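Please look at the sequence and the structure before reading on.

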Amino acid sequence: MNGLENMWLTMPPAILKWHPLPKENAAMIELGNIDVLRDFTDVRALSKAYVALLKMRLLAETINVCSGKTCSLREVIMFCKKITGHSLEIRVNPAFVRPNEVKRLCGDATKLRAIIGAWQTPHLEETLGWMLEN
């Protein structure tokens with residue numbers, strides 16, 4: 001994964017707050033910086049990319065498996081609210097804010113697509129809908 005945050009391998013704690021809470025159940029979550037941009041990639045798309053790469057039998061290649069698109073945690077929160085209709089109180093906890101936080105972390109999928117061909121990742125809102133509805 002080359003250090004990219006492919007959070008869909010397991011459901012992250014922030015998403016668990018929305019799933020499966022009833023809409024009338026008030027909840028709060030403390031997070032760090034919610035304006036950082038990260039490259040989130042749907043695990044279904046990741047799996048397809050890994051299988052395609054395994055079939056290529058490449059040796060000694062470094063390939064970013066990523067979406068090549070960024071989204072802020074603020075946008076993740078907005079999507080979750082839209083999908084579930086449930087609002088959480090979001091508190092930014094200064095203890096969770098890293099002083100040397102990388103503001104934007106995004107992979108480049110150009111080499112991946114050149115090797116395995118056309119490869120698309122669902123929009124993050126679609127991924128979140130799939131996660132929260134299942």
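**Helix pair and buried pair**

The crossing of α3 and α5 is right-handed, meaning that the near helix is turned clockwise from the far one by less than a right angle. This is a predicted model, in which local features need pLDDT of at least 70 and side-chain atom pairs count only at pLDDT 80 or more, while totals for chains, interfaces and linings use all residues. Residues are numbered from 1 along each chain as its sequence is written, and side-chain values use heavy atoms, without hydrogens and water.

**Helices α3 and α5**

- α3 spans residues 73–84 and α5 residues 124–133; helices are DSSP runs (H or I, at least four residues) and strands are runs of E (at least two), numbered from the N terminus.
- Their axes lie 10 Å apart at an angle of about 50°, the axes being lines fitted to C-alpha atoms over the stretch in contact and angles running from 0 to 180 degrees between N-to-C directions.

- R38 lies in strand β2, residues 37–38, and is buried at 4% relative accessible area (buried means under 20%, with a 1.4 Å probe and protein chains only).
- E101 sits in the loop between β4 (89–92) and β5 (104–105) and also counts as buried, at 14% relative accessibility.
- The side chains of E101 and R38 make a polar contact at 2.4 Å (a pair of N or O atoms within 3.5 Å; within protein, one must be able to donate a hydrogen and the other to accept it, and residues adjacent in sequence count only if both atoms are side-chain atoms).
- The R38 side chain also reaches the backbone oxygen of V102 at 2.9 Å.

Methods. Buried means under 20% relative accessible area, exposed over 50%, partly exposed in between (1.4 Å probe, protein chains only).
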